[in-house]
Amino acid sequence: MLRVHGSAKSRALRTLWLIFELDIPYEHDDVLPRAPETKTPAFLALNPNARVPVIEDDGFVLYESMAINLYLAKKHGRLYPKDAQAEALAWQWSFWETDRLDRQIVNYANHSAVLPEAQRNPAVAKAAWEEVVPALDVLEGALRKSTWLAGSEFGLADLNVAAALYRGLTLDLGRWPTVTAWLHRCWDRPAAKRARAMRE
Ligand SMILES: N[C@@H](CCC(=O)N[C@@H](CS)C(=O)NCC(=O)O)C(=O)O
């Protein structure tokens, strides 16, 4: 049995979305980031980084959300590219997102809107936004050339990048109309809505 550690209010959101796309059974350890449960010896044995998500798949332990999603999609043969080049593009977009957008968009959203006002740091928001803008410019350019990021239909690259852009759903992304349309196409999927409902 697959067991997912991590609340939908964390990067586990992207793994839950994928699980619903794959329609596979799972158990959920609904633990929040930084909760005491993530500091126990048992949890640290699964992920010594004390972070979520982490999965146990019939005893196989894996952390890092992008690796988890690449593994699960490949294992279950859904949303995973069939040829080597499309597969490499799925890796490219997953690694790109982690490098260019993942923390940046969260930092921007947290320090401009999500955190209570007293905890917001405008300098953090500004620095994050200065990195988000060129990243979204790159995504806009890619999506103007191709409806989906890797291949001719919605796939894991789209899921991994769109899931990370969850905060983008409530930001003004008017400068990036193609990204906005693609983001909503992705999040309109029933599996995405199901995952989103777990955190809202
Ligand atoms: N690169 C990791 C990041 C994992 C991560 O930072 N998760 C957050 C929750 S979204 C966490 O557990 N944070 C705990 C902490 O900062 O101590 C991944 O994609 O899985």
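These legends go with close-up views of a predicted model. In this model, local features need pLDDT of at least 70 and side-chain atom pairs count only at pLDDT 80 or more, while totals for chains, interfaces and linings use all residues. Residues are numbered from 1 along each chain as its sequence is written, and side-chain values use heavy atoms, with hydrogens and water left out.

View 1. The ligand takes up the space of the largest pocket. A pocket here is an open set of points on a 1 Å grid over the protein atoms alone, where a 1.4 Å probe fits and protein lies on both sides within 12 Å along at least five of seven lines; a molecule sits in it if more than half of its atoms lie within 2 Å of its grid points. Around the ligand you'll find Ser10, Arg11, Pro33, Arg34, Arg51, Val52, Pro53, Glu64, Ser65 and Arg103, each with a heavy atom within 4 Å of it. That shell splits into five charged, three nonpolar and two polar residues, with Asp, Glu, Lys and Arg counted as charged.

View 2. Look for pairs of N or O atoms within 3.5 Å. Arginine 51 puts a polar side-chain atom 2.8 Å from a ligand oxygen, and an N or O atom in the side chain of arginine 34 is 3.0 Å from an oxygen of the ligand. Valine 52 uses its backbone instead: a polar atom there is 2.8 Å from a ligand nitrogen. On its own the ligand has 510 Å² of accessible area, and the protein covers 85% of that (Shrake-Rupley method, 1.4 Å probe).

View 3. The peptide bond from valine 52 to proline 53 is cis, with omega near 5 degrees. Proline 53 is in the loop between α2 (41–46) and β3 (54–57); helices are DSSP runs (H or I) of at least four residues and strands (E) of at least two, numbered from the N terminus. Arginine 34, in the loop between β2 (26–29) and α2, isn't a glycine, yet has a positive phi of about 70 degrees.

**View 4. The salt bridge between Glu21 and Arg189.** The closest N and O atoms of glutamate 21 and arginine 189 are 2.8 Å apart. This pair links distant parts of the chain, 168 residues apart: glutamate 21 is in helix α1 (residues 12–22), and arginine 189 is in the loop between α8 (177–187) and α9 (190–197). The count comes to twelve salt bridges, taking a side-chain nitrogen of Lys or Arg within 4 Å of a carboxyl oxygen of Asp or Glu.

Note on methods. A polar contact is a pair of N or O atoms within 3.5 Å; within protein, one must be able to donate a hydrogen and the other to accept it, and residues adjacent in sequence count only if both atoms are side-chain atoms. On a 1 Å grid over the protein atoms alone, a cavity is a set of points where a 1.4 Å probe fits but cannot get out, and a pocket is an open set with protein on both sides within 12 Å along at least five of seven lines; lining residues have an atom within 4 Å of a point.
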